[in-house]
Amino acid sequence: MPMMIMPKMGDGMEEGTLLKWLKAEGDEVSQGDAIAEIETDKVSLEIEATESGTLARLLVGEGDVVPIGQPIAQIGADDGSVTASATGDAAATTALADTGADAEPTGQTVVNLKSDAEASEPAGAGASTATSVAPAATEAPVPTGGSGNGRFRASPLVKRLASEHGIDLTQIDGSGPGGRIVKDDVMPFVTGGQKQQPRAAQPEPTPVAAQATPAAPAAEAAPKIATSSQVSAPARHVGRPEPVLRDLPRIRRVTGRRMAESKQTVPHFYVTAEIAMDAAAAFRSEVNAQVPEGGARVSFNDMIVKAAALALPQHRDLNASFEDGELYDHVNIDINIAVALDGGLIAPFIADADQKSLGAVSRASKDLIGRAKNGGLKPEEYQGGTFTISNLGMLDVDEFIAVINPPQAAILAVGAIVRTPVVSGNEIVIGQRMKLTVAADHRAVDGAEVARFLQTVRGYLERPMTLALG
Amino acid sequence: MATTHHTNETPTDVASNGTAPTSTVSPETLLDYYRQMVEVRLFEEAATRGFRQGKVGGYLHVYIGQEALARGFLDAFRKGDKTITAYRDHAHVLFQGGDPKATMAELYGKGTGLVKGKGGSMHLFDVENGMWGGYGIVGAHIPLGVGMAYSEAYRETGNIIQLYLGDGAIHNGYFHESANLAGLWGKDGMCPCLFIIENNQYGMGTSVERATANTNLGSKFDSYAIPWEKVDAMDLEAVIAVAHKAVDYVRETGKPYAVEAMTYRLGPHGAADFLEQYRSKDEVREARKRDPIGLLEQRLLDLGVTDEEAMEKIRAHAKELADEAVKFAEESPEPDLSELTTDVYAPETGLI
Amino acid sequence: MAVMTYRDALKSALADEMERDESVVLIGEDIGLYGGTHLITDKLIDRFGKKRVIDTPIAEGGFTGAAIGMAMNGMKPVVEMMTWNFSFLASDQIIQNAAKLRYFSGGQVSVPIVIRGPNGGGVQLSAQHTHSLEGFYGQFPGLKVVAPATPEDVKGMMLTAIRDPDPVIFMEAGALYGTKGEVPEGDATVPFGKARIAREGSDISLISYGRQVNLLLKVADQLAKEQDVQAEVIDLRSIRPFDSETIIESVKKTNRAVVVQEQWRWFSVASEVAAIIQEHAFDYLDAPVERVSGAEVPAPYARNLEIAAFPGVSQVIEAANRALYRKG
């Protein structure tokens with residue numbers, strides 16, 4: 001019985017995203033009917049049924065990224081029977097089948113699974129070539145011991161000779177450029193004409209220098225020159241079990257790459273504020289008391305999302321993106337919520353959160369989190385967003401710092417609401433407090449503005465009726 | 001179908017000014033060619049499926065719609081002759097007796113492939129059967145064919161070269177340099193080369209009209225004093241008739257000759273050409289009415305040498321052959337890694 | 001042994017080979033009636049006829065491609081590039097067809113072709129007519145690239161080139177066509193992939209090929225006379241295949257090397273030689289490998305600028321002194 005596959009539509013295509021099913025299970029299709037919309041790295045296009053018959057089963061969900069050649073649907077015989085697959089080697093599994101389950105509205109941050117997320121980075125080039133053409137003679141002379149600038153200098157030949165003949169190069173003056181010890185300097189010791197005398201009042205070579213050229217100091221029992229594999233092998237405890245190589249889920253790879261890029265290229269800074277949540281807690285109890293049994297209850301997270309959504313239009317610098325050296329302001333307020341999945345993180349966003357009522361924010365949030373767990377998110381629901389909130393409060397975290405979800409300008413990390421003694425007037429009472437930490441991109445925004453943003457957020461959360469009004 | 005000659009050196013035996021040549025090919029042969037054309041068609045469809053499944057890599061250019069062209073010209077092919085073409089080269093191999101299994105295996109990048117998995121779709125060679133290659137750079141194989149023809153004349157073999165080129169290659173400098181050399185060497189009987197323009201109307205996505213102000217492509221040979229004519233290459237019998245005239249002339253005189261063979265690429269330029277924004281669906285639908293296989297079916301029915309049932313059998317058999325080729329390709333081993341570095345230099349030099 | 005010019009030695013190799021093997025033909029611009037721009041093929045058309053000495057129109061891509069077709073199909077053409085500067089027009093044929101045909105035909109097709117002509121500058125031909133393309137062609141697997149410097153080598157290597165089953169890029173030292181040297185009588189082939197020690201020495205290895213070999217010999221004499229330094233001069237002769245062994249042995253002995261070339265420095269033969277030395281003789285080096293190359297400019301016209309643009313004795317001596325840690 002025929003199996004429809006994710007087709008290769010171009011020479012460089014390795015996977016495609018199933019954007020949308022145009023037919024449903026059980027529909028009759030004829031060869032040539034458009035049955036689905038897929039997206040490649042180049043374009044979106046409709047793909048056509050390769051056979052006629054009943055669309056017996058859809059094997060992947062909308063938004064799934066599917067490697068080429070993998071089945072996406074079965075077209076049954078007209079009686080709808082489903083028998084063996086036509087293509088022997090392609091198991092009917094979906095590409096991201098394991099990204100669902102056990103999601104929580106938490107976790108540090110975020111994934112934008114763009115279709116080009118796996119594209120390899122251009123390799124850096126040329127940085128080292130410039131030095132190779134600089135004539136050695138131009139270097140400043142460092143007269144003694146071959147150890148100028150913390151780098152030990154001896155020609156490769158000299159290092160080998162020293163190693164072979166047990167010569168301590170730290171005791172020899174280099175006559176070459178930059179104090180490099182050259183053949184002529186060591187030959188008297190090699191040929192035995194001269195015995196080495198400990199140099200008086202000479203400083204020891206720096207340990208750094210000795211390590212940098214392990215073959216050089218013969219005193220250290222003539223270590224062999226390390227091979228590249230020795231150098232790069234991860235440090236492991238001798239006699240302990242070898243670590244087990246784990247398959248990296250795609251989502252984890254993408255998260256890792258994006259987070260590394262963010263942390264390495266974005267100048268992060270952090271501002272923390274403590275918010276009194278007593279009024280917010282009372283307000284929430286009041287609101288949820290109105291919710292009928294089984295209805296959607298408003299969470300603290302919903303309130304924080306709403307508060308941030310109302311604050312952002314007043315602090316535009318935080319609702320921005322710094323990309324390719326340019327700063328972009330977003331006119332929309334789309335708030336991503338970081339959701340932890342088994343295989344990594346995903347951050348769907350609530351579009352136009354500032355325009356939505358608290359109830360609408362709450363419903364949208366529950367819907368997105370639910371579908372994130374089931375792998376039912378569409379790419380357009382997690383590709384994009386303008387500001388991210390990551391909440392670890394339910395895991396009893398006092399406070400934490402999140403990594404910015406690039407290219408966004410800021411991310412808000414939410415800690416737990418804790419009961420704590422606070423000074424009220426002249427008394428110490430029990431108050432409910434929560435710490436918010438904003439990590440922001442210093443290219444887009446400055447500290448004072450982030451502080452003012454937190455003040456605004458505090459205003460909404462400490463006077464929670466305003467959340468219902470906004 | 002009309003033939004035209006635009007040259008001051010028209011050979012007397014092909015001076016048929018505007019009259020259609022009559023086919024001398026027997027109905028049985030036509031039926032056999034029908035079978036081969038269907039086999040090639042289904043081979044190409046199977047290859048495209050392989051591409052969609054990700055099993056065929058790189059570029060894939062299929063011959064769908066052009067089958068009568070190569071099949072027709074190869075009717076005049078004689079052992080010792082050689083063909084050379086660009087990258088739409090599967091059909092030439094198959095019509096020349098190449099093994100469909102080895103051909104499919106090449107597309108699948110297998111060690112059992114025609115060129116050991118080293119060339120892929122664009123570089124099919126079957127030298128034993130006279131197929132001297134598929135080449136991937138538009139126009140760049142044209143001088144090779146002309147030089148090969150010089151060698152046949154120099155060695156006095158009596159063989160000729162069938163040099164296939166696309167309409168797109170006509171605008172390339174290589175075409176003009178090579179046609180000039182061919183005309184020049186032909187003066188001394190030193191260039192037995194038949195130029196066959198596979199005019200499928202598009203150089204990739206650029207129609208002939210959008211590529212040149214002189215769309216009468218055969219007339220470009222006038223500049224080089226090479227006689228030429230045009231043929232409707234959807235009509236197998238017409239192609240065969242012209243092929244024999246042209247090949248006989250080339251073989252007898254050692255001079256080049258050219259045919260602009262009018263055809264239509266019913267499939268995409270390459271498997272990655274799925275948008276086809278450069279032409280309308282109506283245009284393709286219209287062209288399908290003159291699918292060379294369909295025309296030939298009608299002709300065979302008219303001749304009374306076959307019926308629907310027999311043709312269905314031919315199609316079923318062709319499907320079996322294509323399936324067998326795919327199965328062979330799928331089950332074949334990948335090239336041995338030791339093959340990576342062979343065939344860079346001649347083995348006796350000991351170099352890699 | 002007979003003393004003859006580089007030009008005559010080259011011509012005698014062509015003629016001998018044409019005499020010996022009827023499949024050998026010459027093809028190029030003005031190689032017949034005109035006699036060849038550099039008179040390498042002078043009068044050969046009278047001896048072998050126009051089917052074997054083929055004058056072509058000025059269309060390098062076309063006639064080089066046609067010659068490749070001949071080579072594929074049972075002949076052994078020797079193509080003359082009037083100068084290698086014009087080979088860019090044919091480089092698509094040389095690189096995309098000649099070099100790769102054996103491979104992408106899965107071994108079904110061979111291309112026993114020789115493409116020869118003068119290479120390098122030095123006679124005020126300026127930007128478009130001055131190139132040294134050994135590094136450029138040396139990059140491509142499937143090609144062999146040689147650059148003989150002496151009459152003996154140019155004859156012996158041409159004999160080898162014509163008999164070679166693969167495409168050979170034969171780069172003649174245009175400036176040396178008139179130089180004389182001893183050439184053995186008879187069928188004295190010189191193998192590819194074997195460097196020549198042009199002068200033995202113990203203190204520093206001077207490495208080059210083509211016309212710079214003569215420059216290096218001059219430098220070596222001067223170093224011996226003025227500084228009592230014995231330089232070893234190595235003539236690579238063959239760029240691909242490359243004789244690493246001779247280079248490495250020499251550097252192990254001398255601990256220092258200067259590589260000299262007329263071509264531009266970046267991504268060049270000297271770069272490759274320097275890399276090979278550090279890979280295989282790292283522990284024998286007493287100084288960084290020095291490179292002396294053409295200036296990173298299109299070749300200028302004015303005589304003084306041209307002299308400044310190419311390696312001369314003083315630049316090589318300076319480089320040698322840097323490698324020797326001498327003030328010079």
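Predicted model: local features only at pLDDT ≥ 70, side-chain atom pairs only at ≥ 80, totals over all residues.
## Sheet in chain A

Chain A contains an open sheet of four strands, paired antiparallel in the order β1-β8-β6-β3. The edge positions belong to β1 (3–5) and β3 (28–29) of chain A; each has a single partner strand, so one side of each is left without a neighbour in the sheet.

Within this order, β6 (residues 53–58) and β8 (residues 71–76) of chain A run antiparallel and are joined by four bridges. In this part of the sheet A:Thr54 is found opposite A:Gly76 of β8(A).

## Annotated domain

UniProt, in an unreviewed entry, assigns residues 153–190 of chain A to "domain: Peripheral subunit-binding (PSBD)". In the model, 47% of this segment of chain A is helix and 0% is strand.

## Contact between chains A and C

Chain A contributes twelve residues to its contact with chain C, and chain C contributes ten. On the chain A side, helix α2 (residues 156–165) provides the largest share, four residues. The side of chain A that touches chain C is made up of seven nonpolar, three polar and two charged residues.

## Contact between chains B and C

Between chains C and B, 34 residues of chain C are in contact with 34 residues of chain B. Three helices of chain C, α3 (60–72), α4 (88–98) and α5 (101–104), each supply at least two residues to the side that touches chain B. Of the elements on that side, α3(C) gives the most, with ten residues.

By class, the side of chain C that touches chain B holds 15 nonpolar, 15 polar and four charged residues.

## Nonpolar cores

The largest nonpolar core has 227 residues. The members that touch the most other members are B:Cys193, B:Leu194 and B:Val239 from chain B, together with C:Leu206, C:Val258 and C:Ala320 from chain C.

Which residues does C:Ala320 touch, not counting those up to four places away in sequence? They are C:Ile204, C:Leu206, C:Val219, C:Leu223, C:Ala231 and C:Val258. Two of these residues, C:Leu206 and C:Val258, are also listed with C:Ala320 among the members that touch the most others in the core.

Another core, of 67 residues, lies apart from the largest one. Its members include A:Met259, A:Ile411, A:Val445 and A:Phe453.

Methods
Residues numbered from 1 in each chain as written. Chains lettered and ligands numbered in written order. UniProt positions renumbered as here; feature names shortened; annotations may be inferred. Pairing = 2+ DSSP bridges. Contact = placed C-beta atoms within 7 Å. Nonpolar A, V, L, I, M, F, W, Y, C, P; charged D, E, K, R; others polar. Core = buried A, V, L, I, M, F, W, Y, C linked by C-beta atoms within 7 Å. Buried ≥ 20, exposed ≤ 12 C-beta atoms within 10 Å, placed from the backbone.
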